[in-house]
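This report goes through the fold, the domains, the cores, the helices and a few backbone details of the structure shown below.

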Amino acid sequence: MKYAEQLKTSKWINKKSKILKRDKYTCTNCKVNDLELHVHHLYYISGNMAWDYPENALITLCIKCHKEWHKKFKIEIRKKVWCKNAKYKPNKQEKRQKKKTKKKDKIINLAKRLGLDINLEVVQEIVNSYTYSRAHYLFKKLLESGGVEQR
Ligand SMILES: [Zn+2]
Ligand SMILES: [Zn+2]
C-alpha cells in the first residue's frame, strides 16, 4: 500500500486522532492551535504501515512546522528490529555455543556421578572432540583402568 493511501485508512485516522488528542490539538513545536494540524513520524521503521508505530514516535505539528521539519531534517529510517513486536532470534553461532555449554554441563555431571575427578581443561577437550555417549564410554574405561592418573 502506498504511503498516501495508508494515510486515508481508518487505522491511520484513529491513530492520528489519538495523537492529536494527546497533544491537545496544538502544534508541539510552535504551540498554535488554529492551523491545520498534522501528525508527524519522528522516525520510520522500514516496512511498517503509517499507523504501526508506538505513540512516542508520533507528534502533532502544524502544517507550517511540519513543512519546515521535512525541509530541514532527513527522517531516520530504522530497521524492523526496533519494532516492539520483533522477536529476538539467536543466530547459528549462538545456538551452537548454547548446545556446547549444555553438553559440557552434562559431561561434568556425568563425571561427578561416576566419581571421576577430572579438571575442567580435560572436560573441555572431551566436549570438543567426543559425543556424550563416547564420553560416557571413555569415563567407564577410565574407571575400569583405575582412574584418571593411569591414562
Ligand atoms: Zn512528517
Ligand atoms: Zn507549528
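## Order of elements and overall dimensions

In this predicted model, the elements of the protein chain follow the order α-α-β-β-β-α-β-α-α-α from the N terminus on, which comes to 6 helices and 4 strands. The radius of gyration of the protein chain is 31 Å, whereas the globule rule gives 15 Å for 151 residues, so the chain is more spread out than a compact globule. Along its principal axes, the C-alpha trace spans about 90 × 30 × 25 Å.

Of the 151 residues of the protein chain, 13% count as buried. Among the contacts between residues at least 6 apart in sequence, 65% join residues that are at least 24 apart.

## Two domains

The domain assignment divides the protein chain into domain 1, residues 3-82, and domain 2, residues 92-150. The C-alpha centres of domain 1 and domain 2 are 58 Å apart.

Glu125 belongs to helix α5, which covers residues 120-129, and Glu125 counts as exposed because it has 11 C-beta neighbours inside 10 Å, where a residue with 12 or fewer is classed as exposed.

## Nonpolar cores

The largest nonpolar core is made up of 10 residues, namely Cys27, Leu37, Val39, Ile45, Tyr53, Leu58, Ile59, Leu61, Cys62 and Cys65. Two or more residues of this core come from each of the strands β1 (37-41) and β3 (58-62), and it is β3 that gives the most, with 4 residues.

Another core lies apart from the largest one and has 5 residues, including Ile107, Ile126, Val127 and Phe139.

After α4 comes Gly115, whose phi is positive, near 80 degrees.

Helix α2, residues 10-22, has 13 residues and reaches 18 Å from its first C-alpha to its last, which is close to the 18 Å expected at 1.5 Å a residue. Just after α2, Lys24 takes a positive phi of about 55 degrees.

The loop between α2 and β1 holds Tyr25, which is not a glycine and yet has a positive phi of about 50 degrees. What is the exposure of Tyr25, buried or exposed? Tyr25 is exposed, because 12 other C-beta atoms lie within 10 Å, and 12 or fewer is the condition for that class.

Lys31 is also found in the loop between α2 and β1, and it has a positive phi of about 70 degrees although it is not a glycine. With 10 other C-beta atoms within 10 Å, Lys31 is exposed.

Conventions. Residues numbered from 1 in each chain as written. Chains lettered and ligands numbered in written order. Predicted model: local features only at pLDDT ≥ 70, side-chain atom pairs only at ≥ 80, totals over all residues. Core = buried A, V, L, I, M, F, W, Y, C linked by C-beta atoms within 7 Å. Buried ≥ 20, exposed ≤ 12 C-beta atoms within 10 Å, placed from the backbone. Expected span 1.5 Å × (residues − 1). Rg over C-alpha atoms; globule rule 2.2 N^0.38 Å. Contact = placed C-beta atoms within 7 Å. Domains from an automatic or database assignment.
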